[in-house]
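Here are a few exercises to work through with the model open beside you. Try each task before you read its solution.

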Amino acid sequence: MHVEVSVPLNFVISYLYNKLPRRRVDMFGEEVEKGLKKKFEGHWYPDQPFKGSGFRCIRISIDKMDYVLTNAAHASGLDIDEVKEYLPNELTVWIDPHEVSYRLGEKGVAKIL
């Protein structure tokens, strides 16, 4: 599960580097990693990768952001609105065993990271 958490984590925080203080972004990344690993406990099935896929989805929309990201922003001292400003609107990331994919926009094409 470590690789499958690192890939989307790096993808998300790449949008924040050079826009927010690097130290805070690094702290945010550490908090996101902890939050995702905790969220996935009991919901990770390597033999059935798509089982629980919806639960392992991270969603950022115009009016809502996944609670793992929100909690990580608060824990790292970042303003949630500022974090949201630099992340793409309508971003969906699916984190499954052996595959991480994302989609930009509601009608966008899913791509594998």
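**Exercise 1.** Is glutamate 33 buried, partly exposed or exposed?

*Solution.* This is a predicted model, in which local features need pLDDT of at least 70, side-chain atom pairs count only at pLDDT 80 or more, and totals for chains, interfaces and linings use all residues. Residues are numbered from 1 along each chain as its sequence is written, and side-chain values use heavy atoms, with hydrogens and water left out. Next, the scale: buried means under 20% relative accessible area, exposed over 50%, and partly exposed in between (1.4 Å probe, protein chains only). Glutamate 33 has a relative accessible area of 22%, so it is partly exposed.

**Exercise 2.** Find the salt-bridge partner of glutamate 33.

*Solution.* A salt bridge needs a side-chain nitrogen of Lys or Arg within 4 Å of a carboxyl oxygen of Asp or Glu. (Helices are DSSP runs of H or I with at least four residues, strands runs of E with at least two, numbered from the N terminus.)

**Exercise 3.** Which residue does glutamate 106 meet in a salt bridge?

*Solution.* The partner is arginine 59, at 2.2 Å, N to O. This pair links distant parts of the chain: glutamate 106 sits in the loop between E3 and E4, and arginine 59 in strand E1, 47 residues apart. Finally, Arg59, Glu90 and Glu106 are linked in a network of salt bridges.
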